[in-house]
Amino acid sequence: MLRLLYISDATEGLTDDSIDAILRSAAKNNPPLGITGLLVFGGGLFTQVLEGPEQNVLKKYVQVMSDPRHRNCRIVYITPTEERIFKDISMAALEAVPWELEHIAELDAHRKETTPADAFTQLMNVFFSRLKAVP
């Protein structure tokens with residue numbers, strides 16, 4: 001299994017309806033591929049984690065790169081994994097709060113370096129905690 005985190009720049013005029021369309025598409029298309037994950041948006045950015053079988057995750061990322069709702073996709077973190085963070089979640093979404101945007105910007109700034117696993121894990125744990133708190 002593979003876990004991939006990428007960041008991209010949202011295009012101008014992105015609406016809540018656009019986010020809803022992304023989630024509807026993921027709910028339909030991800031389960032047959034064994035892909036789970038999280039989409040975080042805000043501050044003009046998308047941050048998405050994809051987890052699942054290696055080939056499916058890589059194919060999904062290639063597909064995502066051609067989506068006109070964003071541009072400048074860049075992989076920040078990619079690693080093989082035995083366990084999912086986002087089990088049974090075809091694609092959840094969270095609107096980023098300002099301090100999370102700072103962490104995302106820091107990951108993005110260091111994307112050409114080795115991202116420490118604990119920095120990635122810490123941010124994912126924050127997102128997962130927020131997901132569990134959503135009614």
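What volume does the largest pocket have? The largest pocket has a volume of about 300 Å³, where a pocket is an open set of points on a 1 Å grid over the protein atoms alone at which a 1.4 Å probe fits, with protein on both sides within 12 Å along at least five of seven lines. Grid points are joined across faces, edges and corners, and the volume is the space filled by probe spheres set on the points.

## Basis of the values

The model is a predicted one, in which local features need pLDDT of at least 70 and side-chain atom pairs count only at pLDDT 80 or more, whereas totals for chains, interfaces and linings use all residues. Residues are numbered from 1 along each chain as its sequence is written, and side-chain values use heavy atoms, with hydrogens and water left out.

## Lining of the largest pocket

The lining of the largest pocket, made up of residues that have an atom within 4 Å of a point, comprises 17 residues, of which Ile22, Gln48, Val64, Asp67 and Arg69 lie nearest the centre of the pocket. Helix α1, strand β3 and helix α2 each supply at least two residues of this lining, and the largest share, 5 residues, comes from α1; helices (H or I, at least four residues) and strands (E, at least two) are DSSP runs numbered from the N terminus.

By residue class, the lining divides into 8 nonpolar, 6 polar and 3 charged residues, with Ala, Val, Leu, Ile, Met, Phe, Trp, Tyr, Cys and Pro counted as nonpolar, Asp, Glu, Lys and Arg as charged, and the others, Gly among them, as polar.

## Helix α1

Helix α1 covers residues 16–33, has 18 residues and reaches 26 Å from its first C-alpha to its last, close to the 26 Å expected at 1.5 Å a residue, the expected span being 1.5 Å times one less than the number of residues. A kink of about 30° lies at alanine 27, shortly before proline 31, the bend being the angle between axes fitted to the seven residues ending at a residue and the seven starting there. After the helix comes glycine 34, whose phi is positive, near 75°.

The buried residues of α1 (under 20% relative accessible area, with a 1.4 Å probe and protein chains only) are Ser18, Ile19, Ile22, Ala26 and Asn30. Their cover includes β2 (36–42), β3 (45–52) and α2 (54–65).

Leaving aside neighbours within four places in sequence, leucine 14 is in contact (heavy atoms within 4.5 Å) with Ile19, Phe46 and Arg69. Leucine 14 and proline 68 are 54 residues apart in sequence and 10 Å apart in space, C-alpha to C-alpha.

Glutamate 51 lies in strand β3 and counts as buried at 0% relative accessibility. Residues up to four places away in sequence not counted, glutamate 51 touches Leu2, Arg3, Gly34, Ile35, Thr36, Val57, Arg84, Ile85 and Phe86. The C-alpha atoms of glutamate 51 and arginine 84, which are 33 residues apart along the chain, are separated by 6.6 Å.

Terms used: Buried < 20%, exposed > 50% of the residue type's maximum accessible area, 1.4 Å probe, protein only.
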